[in-house]
Amino acid sequence: YKEGEPETASDEPPADVLRKFFMFYHLEDDTVNVFEDVAKNSGLPVGGNFLKRGKYQVSVNGGAVRPPSPQDLQLSNIISLCGTNWKVIEVDTPTRTLCTSMPSLFPSFDPRAVAQKLLAEGKDIKAGLERYDRDGTTCISVDLFKHAMDAEGLWRSLSAQERQTIVDYVSEPIAGSTSLGCFYMDLIDLMACVNASSQGSP
């Protein structure tokens with residue numbers, strides 16, 4: 001959540017920039033509530049229930065005011081609610097799992113739907129990523145994968161949430177390490193599968 005910018009580059013960020021909130025959308029009745037999580041000894045007021053559960057009107061990314069929808073809670077969306085702009089900076093694991101299990105309702109969380117968008121770009125993603133795979137292991141770091149996809153213009157058409165869906169899909173623990181790596185051939189195989197399905201191949 002962010003409610004303002006420092007007046008100059010040297011200013012300390014306002015306290016609100018450091019405040020952490022959880023926004024909950026309840027599918028059963030389309031209500032929303034906001035909870036504030038405050039770290040101990042942070043100097044910030046005690047957290048807790050910041051906005052009680054209820055039905056509200058929102059504006060997303062500067063759009064028209066309307067009732068909220070579950071699709072609003074995606075990475076980088078700016079949700080105007082009760083006079084405050086809230087930026088979604090993380091979607092927690094239970095929410096991602098739920099959204100992934102409901103691809104028709106949450107296509108931005110569906111790797112197949114996102115792969116279809118990448119296919120429509122018509123770019124050689126395999127060749128683009130291989131340029132960054134100096135060891136030829138088909139595994140590169142998460143940061144390098146993101147950089148490569150950006151630098152090669154391979155996911156220009158994707159939203160922040162769709163990009164994260166792809167990162168999650170190709171990320172696995174590296175053997176003998178606690179770090180995650182991006183096994184980019186998983187994405188290439190997925191795109192080949194999606195392409196075959198769209199062509200009617202068995």
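Leaving aside neighbours within four places in sequence, which residues is Leu 187 in contact with? They are Leu 118, Ile 125, Phe 145, Met 149, Ile 166, Tyr 169 and Val 170, where contact means heavy atoms within 4.5 Å. This is a predicted model, in which local features need pLDDT of at least 70, side-chain atom pairs count only at pLDDT 80 or more, and totals for chains, interfaces and linings use all residues. Residues are numbered from 1 along each chain as its sequence is written, and side-chain values use heavy atoms, with hydrogens and water left out.

**Overall build**

- The protein chain has six helices and nine strands. Both are DSSP runs numbered from the N terminus: helices are H or I with at least four residues, strands are E with at least two.
- Of the 202 residues in the protein chain, 34% are buried. Buried means under 20% relative accessible area, exposed means over 50%, and partly exposed lies in between (1.4 Å probe, protein chains only).
- The accessible surface of the protein chain is about 12000 Å², and carbon and sulfur atoms hold 53% of it. Accessible areas come from the Shrake-Rupley method with a 1.4 Å probe; for residues, only the protein chains shown count as cover.
- Among contacts in the protein chain with a separation of 6 or more, 44% link residues 24 or more positions apart.

**Nonpolar cores**

- A nonpolar core is a set of buried Ala, Val, Leu, Ile, Met, Phe, Trp, Tyr and Cys residues joined through side-chain atoms within 4.5 Å.
- The largest core has 23 residues. Leu 118, Ile 125, Leu 129, Phe 145, Met 149 and Leu 187 touch the most other members.
- Helices H2 (111-121), H3 (125-130), H4 (142-151), H5 (160-170) and H6 (185-198) each supply at least two residues of this core.
- H6 gives the largest share, five residues.
- A second, separate core has 18 residues, including Leu 51, Val 60, Leu 75 and Cys 99.

- Strands E5 (residues 78-81) and E6 run antiparallel, joined by four bridges. Two strands pair if DSSP finds at least two bridges between them.
- Ser 80 has Asn 85 in E6 as its bridge partner.
- Two residues lie between the strands of this hairpin. Cys 82, in the turn, has a positive phi of about 55 degrees.
- Side chains alternate along E6 (residues 84-87). Thr 84 and Trp 86 point to one face and are buried.

**Cysteines**

- The count of disulfides is zero, with a disulfide taken as a pair of cysteine sulfur atoms within 2.5 Å.
- Cys 99 is buried, at 5% relative accessible area.
- Cys 193 is partly exposed, at 37%.
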